[in-house]
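Open the model in a viewer and keep the sequence panel beside it.

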Amino acid sequence: MSAGDAARIRHRPEDARNRIGEAEAVSRRTYYIDLQVHTNRHSRCSELPPERAVAAAVSRGVDGIALTDHGYMWTAEEVRSLVSATTPKDLVILRGVELRVRLSDGRFGDLLAFGAERLPEEETHIDRVCRDIHSQGGILVAPHPFGGPNGLQEEVYSAALEGIEVCNY
């Protein structure tokens with residue numbers, strides 16, 4: 001996902017309707033994308049090979065997955081290689097990263113970033129991370145905001161985020 005792609009995701013259908021005129025209908029579709037997939041290639045917490053992640057997503061009929069390993073953004077070449085090896089039909093594979101950010105109360109929490117090429121150092125304050133990722137046209141999502149010790153907890157309400165995970169299986 002490029003910074004431009006990330007920026008386009010933020011536009012609501014109403015914005016598109018205003019740009020193209022009221023006479024044209026805007027197509028609406030629900031997409032099912034797993035925005036937090038860790039693999040054993042780049043995350044020590046995962047035993048899941050990326051090829052198996054792709055196969056599982058295809059077999060379950062989801063529209064896409066986001067590879068969001070801890071502190072590592074897959075390169076475009078790595079994703080192309082994965083696609084070549086697995087040939088997923090109609091599966092979108094997004095590049096993202098799960099960052100460990102410092103919260104205002106001194107704790108640390110997790111944040112998913114998409115659409116940015118320059119990543120901040122781990123444990124940078126959440127406000128600075130938000131500014132940095134947004135300056136690149138990227139978007140931020142809070143994974144498991146109230147789940148476990150790495151959630152953003154109450155800070156999820158004041159951080160400049162585009163999304164909040166509401167269901168985690």
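Colour the chain by secondary structure and trace it from the N terminus: the elements come in the order α-α-β-α-β-α-β-β-α-β-β. That makes five helices and six strands. The model is a predicted one.

Next, show the whole chain as a surface. The accessible surface is about 9,800 Å², and carbon and sulfur atoms account for 51% of it. Of the 169 residues, 41% count as buried. If contacts are drawn between residues at least 6 apart in sequence, 56% of them join residues at least 24 apart.

Hide the helices and select the strands. The six strands form an open sheet in the order 1-2-3-4-5-6, and the pairing is mixed. Strand 1 (33-37) and strand 6 (163-164) are at the edges; each has a single partner strand, so one side of each lacks a neighbour in the sheet.

Now select residues 92-102 and 108-114, which are strand 3 and strand 4. These two strands pair in the antiparallel sense over seven bridges.

Switch to side chains. In soluble globular proteins, nonpolar side chains tend to be buried together. Here the largest nonpolar core has 18 residues, and Val101, Leu111, Ile126, Leu140, Leu152 and Leu161 have the most contacts inside it. At least two residues of this core come from each of strand 3, strand 4, helix 5 and strand 5. Which element gives the most to this core? Helix 5 does, with four residues.

Centre the view on leucine 152 and list what it touches, leaving out residues up to four places away in sequence. Among the residues in contact with leucine 152 are Val101, Leu111, Ile126 and Leu161, and also Arg107, Asp110 and Pro145.

For the last stop, select Val37, Ala57, Ile65 and Val79. They are among the 11 residues of another core, which lies apart from the largest one.

Definitions and conventions: Residues numbered from 1 in each chain as written. Predicted model: local features only at pLDDT ≥ 70, side-chain atom pairs only at ≥ 80, totals over all residues. Heavy atoms only, no water. Buried < 20%, exposed > 50% of the residue type's maximum accessible area, 1.4 Å probe, protein only. Contact = heavy atoms within 4.5 Å. Areas by Shrake-Rupley, 256 points an atom, 1.4 Å probe, with all protein chains shown as cover. Pairing = 2+ DSSP bridges. Core = buried A, V, L, I, M, F, W, Y, C linked by side-chain atoms within 4.5 Å.
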